[in-house]
Amino acid sequence: MNTRGLLDQLLKSGQEMLGNQLNKGSKPAAGGGLGGLLSGAGGGALAAGAMGLLMGNKKARKYGGKALTYGGLAALGVLAYKAYGNWQARQGTGNHEPQTLDRVPVAQAEQHCQAVLRALVAAAKADGHIDDRERALIEGEFTRLDSDRELQGWLHAELNKPLDPAEVARAAQTPEMAAEMYLASVMMVDQENFMERSYLDELARQLRLDPALRQELESQVRLAEGQ
């Protein structure tokens with residue numbers, strides 16, 4: 001199963017579509033829930049449609065065009081590396097270079113990508129906005145993006161399983177993976193929403209993130225989004 005290419009497409013295309021939408025001053029398309037964004041996705045924007053479906057209309061209104069300016073997985077790796085490095089320096093333990101997904105061998109990077117994609121899908125469910133219709137739309141977009149049946153089956157299972165922060169956190173095999181998963185989750189949710197903020201709190205606890213590292217990760221997201 002190769003999630004790396006799919007995740008890179010999602011991060012790049014989702015940012016581009018939502019950034020362009022906001023830069024033009026247009027509002028997300030009507031239609032309710034997640035389906036509105038899909039209506040604006042043409043043949044060359046399948047990944048944007050899939051990411052838009054995951055993020056939902058409410059997040060699209062908040063998602064700034066400056067986010068993920070490095071592009072795709074590189075952005076996530078750079079932000080995680082910066083946050084982890086800054087945290088280490090403050091803790092006086094900066095003699096270990098963070099092994100983020102942009103700095104590990106391909107085989108390890110794939111493990112990181114699977115964990116991050118799992119975190120993204122889970123975070124999208126944090127406010128309970130994915131109903132059966134929207135879940136079917138998301139799966140349809142993923143199927144059009146990637147013909148890998150194993151990956152499709154994995155995504156189907158992730159979309160349909162009950163939201164469980166403890167189960168999500170078990171995918172973090174290294175501290176850096178935990179940082180990346182939390183970073184991706186922060187990018188996905190609306191922290192002003194009580195349910196989503198509560199989910200982040202529990203995810204951070206299950207990932208065993210040091211409070212100072214968690215604060216640094218959230219700071220990096222705010223900087224990337226120009227806030």
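**Eleven helices, questioned**

Guide: The protein chain has 11 helices and zero strands. Helices (H or I, at least four residues) and strands (E, at least two) are DSSP runs, numbered from the N terminus. Along the sequence the pattern reads α-α-α-α-α-α-α-α-α-α-α. This is a predicted model, in which local features need pLDDT of at least 70, side-chain atom pairs count only at pLDDT 80 or more, and totals for chains, interfaces and linings use all residues. Residues are numbered from 1 along each chain as its sequence is written, and side-chain values use heavy atoms, with hydrogens and water left out.

Visitor: Why is α9 called roughly antiparallel to α10?

Guide: Start with the geometry. The axes of α9 (residues 175-188) and α10 (residues 194-206) cross at roughly 180 degrees and come within 11 Å. Those axes are lines fitted to C-alpha atoms, for helices over the stretch in contact, with angles from 0 to 180 degrees between N-to-C directions. Under 35 degrees counts as roughly parallel, over 145 as roughly antiparallel, 65 to 115 as roughly perpendicular, and the rest as oblique. The crossing angle therefore makes α9 roughly antiparallel to α10.

Visitor: Which residues make that contact?

Guide: From α9 come Tyr182, Ser185 and Val186; from α10 come Arg197, Leu200, Leu203 and Ala204. Contact means heavy atoms within 4.5 Å. By class, there are five nonpolar, one polar and one charged residues. Ala, Val, Leu, Ile, Met, Phe, Trp, Tyr, Cys and Pro count as nonpolar; Asp, Glu, Lys and Arg as charged; the others, Gly among them, as polar.

Visitor: What does Tyr182 touch?

Guide: Leaving out residues up to four places away in sequence, Tyr182 touches Arg197, Leu200, Leu203, Ala204, Leu207, Leu209, Arg214, Leu217 and Glu218. Tyr182 also has a place in the largest nonpolar core: of its 59 residues, Phe142 and Tyr182 touch the most other members. A nonpolar core is a set of buried Ala, Val, Leu, Ile, Met, Phe, Trp, Tyr and Cys residues joined through side-chain atoms within 4.5 Å.

Visitor: What makes Ala204 count as buried?

Guide: Buried means under 20% relative accessible area, exposed over 50%, and partly exposed in between (1.4 Å probe, protein chains only). Ala204 has 4% relative accessibility, so Ala204 is buried. The residue belongs to α10. Its contacts beyond four places in sequence are Tyr182, Leu209 and Arg214. Ala204 and Pro165 lie 39 residues apart in sequence, with 8.7 Å between their C-alpha atoms.

Visitor: Why is Glu202 called partly exposed?

Guide: Glu202 also needs a location: helix α10. Its relative accessible area is 26%, which means that Glu202 is partly exposed. Its C-alpha is 9.8 Å from that of Ala169, 33 residues apart along the chain.

Visitor: Is Glu216 buried or exposed?

Guide: Glu216 has 10% relative accessibility and therefore counts as buried. The residue is in α11 (residues 211-224). Its contacts, leaving aside neighbours within four places in sequence, are Ala83, Asn86, Trp87 and Arg90. The C-alpha atoms of Glu216 and Ala83 are 5.4 Å apart, although 133 residues separate the pair along the chain.

Visitor: Which elements do the buried residues of α11 pack against?

Guide: They pack against α4, α9 and α10. The buried residues of α11 are Leu213, Arg214, Glu216, Leu217, Glu218, Gln220, Val221 and Ala224.

Visitor: How far does α5 reach from its first C-alpha to its last?

Guide: α5 (residues 106-124) has 19 residues and reaches 27 Å, close to the 27 Å expected. α5 is mostly covered, with 14 of its 19 residues buried.

Visitor: What makes Arg208 exposed?

Guide: A relative accessible area of 74% makes Arg208 exposed. Arg208 sits in the loop between α10 and α11. Its phi is near 60 degrees, a positive value in a residue other than glycine. Most residues other than glycine have a negative phi.

Visitor: How much of the protein chain counts as buried?

Guide: Of its 227 residues, 52% count as buried. Among contacts in the chain with a separation of 6 or more, 75% join residues 24 or more positions apart.

Definitions and conventions:
Expected span 1.5 Å × (residues − 1).
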